[in-house]
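Thanks for coming. I have one structure to go through today, so please have a look at it on the screen.

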Amino acid sequence: CRNQGIPFFAYMVLEQGALTGMYSPENPLPRGSSRAENYNGMLPQLKALTDELASIGRSQNAAAPDVATAWAIAKGTTPIIGVTKPHYIDSLVRASSITLTSDDTAALEALADAANVNTRGFWEQEM
Ligand SMILES: NC(=O)c1ccc[n+]([C@@H]2O[C@H](COP(=O)([O-])OP(=O)(O)OC[C@H]3O[C@@H](n4cnc5c(N)ncnc54)[C@H](OP(=O)(O)O)[C@@H]3O)[C@@H](O)[C@H]2O)c1
């Protein structure tokens, strides 16, 4: 897409809330929802990643979801974020001005790999 100048829209960048750091085994995603079913079991494995997202954010007056969105922007995508509260718009504004270093990106990607979770939908084929 990049080579052909085609915009790439990235969805579920926040993994339906699981990458925001707002949810944990102590404070899981709302029970009975499909996102709880998909993500609550993997929240312990995602903690190191969400902690690093928050840590990178602290140095830029931003929060974990802002950094996750900034990562998707840094990859050249246009993220589609599921905004459910008005103040999440502020997060999108912050995300657009975050600068991620190559070390930040490498650290996030290493932690994402180490989490060793599979969140791919059945409709998402290997490319
Ligand atoms: N075409 C496809 O195959 C496909 C597949 C999947 C998704 N999508 C689309 O992609 C869009 C995004 O997906 P999604 O909404 O499922 O997932 P998402 O954007 O990864 O996550 C949305 C959730 O993250 C939380 N959130 C969003 N912004 C936040 C912020 N700034 N701070 C803290 N929490 C924040 C909210 O949780 P709370 O509500 O709990 O606060 C929200 O429900 C949707 O429009 C969806 O329809 C398309």
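I will start with the ligand and its surroundings, then turn to the salt bridges.

Keep in mind that this is a predicted model.

Where does the ligand sit? The space it takes up is the second largest pocket. There are 20 residues around the ligand, and those that come nearest are Y23, G82, T84, K85 and Y88. By residue class, the shell around the ligand divides into 11 nonpolar, 6 polar and 3 charged.

R35 places a polar side-chain atom 2.8 Å from an oxygen atom of the ligand. With L14 the backbone is involved: one of its N or O atoms lies 2.9 Å from a ligand oxygen. As for area, the ligand taken alone exposes 910 Å², and the protein buries 73% of that.

On to the salt bridges. How many does a search of the whole structure find? The count is 4. One of them pairs R94 with D66, with the closest N and O atoms 2.6 Å apart. This pair links distant parts of the chain, 28 residues apart: R94 belongs to helix α4, residues 88-95, and D66 to helix α3, residues 64-74.

That is what I have; questions are welcome.

Methods. Residues numbered from 1 in each chain as written. Predicted model: local features only at pLDDT ≥ 70, side-chain atom pairs only at ≥ 80, totals over all residues. Heavy atoms only, no water. Near = heavy atom within 4 Å. Polar contact = N/O pair within 3.5 Å; in protein donor to acceptor, adjacent residues only side chain to side chain. Areas by Shrake-Rupley, 256 points an atom, 1.4 Å probe, with all protein chains shown as cover. 1 Å grid on protein atoms, 1.4 Å probe; cavity = no way out; pocket = protein on both sides within 12 Å on 5 of 7 lines; lining within 4 Å. Sits in = over half its atoms within 2 Å of the grid points. Nonpolar A, V, L, I, M, F, W, Y, C, P; charged D, E, K, R; others polar. Salt bridge = Lys/Arg side-chain N within 4 Å of Asp/Glu carboxyl O. Helix = DSSP H or I, 4+ residues; strand = E, 2+ residues; numbered from the N terminus.
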